[in-house]
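Let's take a walk through this one together, starting with charged side chains and ending among the strands. Keep the viewer open as you read.

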Amino acid sequence: MVKKSVKETIHAKGLDISIYTEDFQNEFISLTDIARYKSDEPFIVINNWMRGKDTIEFLGLWEQLHNLDFKPIEFDRFRKEAGYNAFTLSPQKWIENTNAIGIVSKSGRYGGTFAHSDIAFEFASWISAEFKLYIIKDYKRLKNDESSRLSLGWNLNREISKLNYRIHTDAIKENLLPPELKPFQIAITYANEADVLNVALFGVTAKQWREENKDKDGNIRDYATLNQLLVLANMESYNAILIEQGKPQSERIQLLNKLAIRQLEAIEKIGIDTIKKLEEK
């Protein structure tokens, strides 16, 4: 299924720079628009940047950190050739040969070369350190703007998940907590039930996720995709019903896992109505 993009625009020194996301976590910024700060022929600017050995090293490292399907042999070939006068490299050639995901080449009226924000900021530094700061300033403004379409979808569904979690905790309180429990025992019960949802949806407990992601702030749900947040909200309500029915935890986790798989597959097939509406505006 073709993913749906949510688009926005940031502004730096009089230039409009396109930005889009497909998962509300990774933003891709137009290198074509950034390059126009330096020349009316942006594709030449981008290709010149990609010829540099430092650029190839950076792009290769980013892909190795984020892309399991990256082709290291092709990368090594480009790295060895970089710096020679006869060496040329375009975004399309880089993508096709290395299976890169950090740079995207789009065709059509609103096409051009886009790159993950990590890479786009590196490119902006090569263009102009001053210009990069203007880009980052408006990028942060966009991320903090509550009315932004870029962040609205993720934030909305995160809040829905929080509201449904109240239903979930109320069910735990009324059905699983004997009155004689001490505060620390109550906390353990809530945490255990939260992990029932975590394991059913993400395959790991909150503790396991923290141990595997020590470099990240927040918790496992802060890094959930939009689809996962939608399903999580439904799982919380469903688990509350199962608790009230007296289902044991071992049975509930299996039922919740089946629900998660079924709903995630359904969302992939039919898309998300909220995103479609945002795109039509």
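Start at Glu-57: its relative accessibility is 32%, so it counts as partly exposed. Keep in mind that this is a predicted model. The side chain of Glu-57 meets that of Arg-79 in a salt bridge, with N to O at 3.6 Å. Glu-57 sits in helix α3 (residues 53-66) and Arg-79 in helix α4 (residues 72-81), so the pair ties together parts that are 22 residues apart in sequence.

Another of them is formed by Glu-130 and Lys-13, whose closest N and O atoms are 3.3 Å apart. This pair links distant parts of the chain, since Glu-130 belongs to helix α7 (residues 129-144) while Lys-13 is in the loop between β1 (6-12) and β2 (15-21), 117 residues apart. Glu-130 has a relative accessible area of 41%, so it is partly exposed. Lys-13 also comes out as partly exposed, at 41% relative accessibility.

Now for a pair in another setting. Arg-252 and Glu-193 meet through their side chains in a salt bridge, 2.7 Å from N to O. Here, too, distant parts of the chain are linked: Arg-252 is in helix α12 (residues 249-270) and Glu-193 in helix α9, 59 residues apart. Are these two buried or exposed? Both Arg-252 and Glu-193 are buried.

Stay with helix α9, which covers residues 183-202, and find Asn-198 in it. Why does Asn-198 count as buried? Its relative accessibility is 3%, and the cut-off for buried is under 20%. The side chain of Asn-198 makes a polar contact of 3.0 Å with the side chain of Asp-195. Leaving aside residues up to four places away in sequence, Asn-198 touches Gly-203, Val-204, Thr-205, Ala-206, Ile-220 and Arg-221.

Thr-98 is another polar residue to look at, and its place is in helix α5 (residues 91-98). With a relative accessibility of 0%, Thr-98 counts as buried. What does its side chain reach at 2.6 Å? The answer is the backbone oxygen of Trp-94. Once residues up to four places away in sequence are set aside, the residues that Thr-98 touches include Asp-69, Phe-70, Lys-71, Glu-74, Phe-75 and Phe-78.

Which strands pair with β5? One is β3 (residues 27-30), which pairs with β5 in the antiparallel sense over three bridges. You can pick out this pairing at Ser-30, whose bridge partner in β5 is Phe-114. Another is β4 (residues 103-106), also antiparallel to β5, over four bridges. For that pairing, look at Lys-106, which stands opposite Gly-112 in β5. As you step along, remember that side chains in a regular strand alternate between the two faces of the sheet.

How values were computed: Residues numbered from 1 in each chain as written. Predicted model: local features only at pLDDT ≥ 70, side-chain atom pairs only at ≥ 80, totals over all residues. Heavy atoms only, no water. Helix = DSSP H or I, 4+ residues; strand = E, 2+ residues; numbered from the N terminus. Buried < 20%, exposed > 50% of the residue type's maximum accessible area, 1.4 Å probe, protein only. Polar contact = N/O pair within 3.5 Å; in protein donor to acceptor, adjacent residues only side chain to side chain. Contact = heavy atoms within 4.5 Å. Pairing = 2+ DSSP bridges. Salt bridge = Lys/Arg side-chain N within 4 Å of Asp/Glu carboxyl O.
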